[in-house]
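Subject: Structure handover

Hi,

Here is the structure I promised to pass on. Please open it alongside this note.

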Amino acid sequence: MLALTISDEKKEQILRVASTMGEKQKRQYLDGEALLLGYGGISLINRITGMSINAIRRGIEELQQGDIYECNGPEKAQGAGRPKLTDQEIGILEAIEEIVSGITYGTPSKVLIWTTLSLWKISGILESNYSIRASHVTVGKALELLGYSRSVTKKWSRSENLHQTEMNSLNT
């Protein structure tokens, strides 16, 4: 069985138009495109845009029930959504800074500083020592706010591997 395909120009058009829309409007636009494509349209739109198949199906149901998007101002109310953890937990940035301060590498005068602790580990320390529940994703965003790099330099990575190799040879 052949998979449904469309031209690269059509893919670019779909992505370009969808990028200018709000959540519900985008869903209904992409659902309309999926319906026009016919059999296999839902999975093709999923592959092109990354929108979940369930969201596409939900949008098709909305279209079939007549729940059509109408532009009556902003899609979401001002301030809607979950508040940022950095706004809720006043001391989270300071706590993360305190956790990583002893194991920070790089120079503050340069742009690149990093820590060897994993985001998961920092998240666990936050919860156990500071009673702050934060996901590894939130910890990563907080570290970026604090100016930390998300990855180590190649030189550091090579020197750590060399150090680990030396340690392994001593243990054998």
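Below is what turned up, starting with the salt bridges.

Please keep in mind that this is a predicted model.

Salt bridges

The whole structure holds 4 salt bridges.

Start with Glu-62, which sits in helix α4 (residues 53-65). Its side chain forms a salt bridge with that of Arg-27, at 2.8 Å from N to O. Glu-62 lies in α4 and Arg-27 in helix α2, so the pair ties together parts 35 residues apart in sequence. Both ends are buried: Glu-62 has 11% relative accessibility, and Arg-27 has 9%. The Glu-62 side chain also makes a polar contact with the side chain of Gln-28, at 3.1 Å. Leaving out residues up to four places away in sequence, Glu-62 touches Lys-24, Arg-27, Gln-28 and Asp-67.

Next, Lys-10 pairs with Glu-33 in a salt bridge, with the closest N and O atoms 3.4 Å apart. Lys-10 belongs to helix α1 (residues 8-18) and Glu-33 to helix α2 (residues 23-37), so this pair links parts 23 residues apart in sequence. Lys-10 is partly exposed at 26%. Glu-33 is buried at 11%.

Then there is Arg-133 with Glu-127, at 3.6 Å between the closest N and O atoms. Arg-133 is exposed at 65%. Glu-127 is partly exposed at 41%.

Helix packing

The axes of α7 (residues 119-130) and α8 (residues 136-145) come within 8 Å and cross at roughly 100°. The two helices are therefore roughly perpendicular. Contact residues include Trp-120 and Leu-126 of α7, and Val-139 and Leu-143 of α8. The contact counts 6 nonpolar residues, 3 polar and no charged.

Best wishes

How values were computed:
Residues numbered from 1 in each chain as written. Predicted model: local features only at pLDDT ≥ 70, side-chain atom pairs only at ≥ 80, totals over all residues. Heavy atoms only, no water. Helix = DSSP H or I, 4+ residues; strand = E, 2+ residues; numbered from the N terminus. Polar contact = N/O pair within 3.5 Å; in protein donor to acceptor, adjacent residues only side chain to side chain. Contact = heavy atoms within 4.5 Å. Axes fitted to C-alpha atoms, helices over the stretch in contact; angles between N-to-C directions. Parallel < 35°, antiparallel > 145°, perpendicular 65-115°, else oblique. Nonpolar A, V, L, I, M, F, W, Y, C, P; charged D, E, K, R; others polar. Buried < 20%, exposed > 50% of the residue type's maximum accessible area, 1.4 Å probe, protein only.
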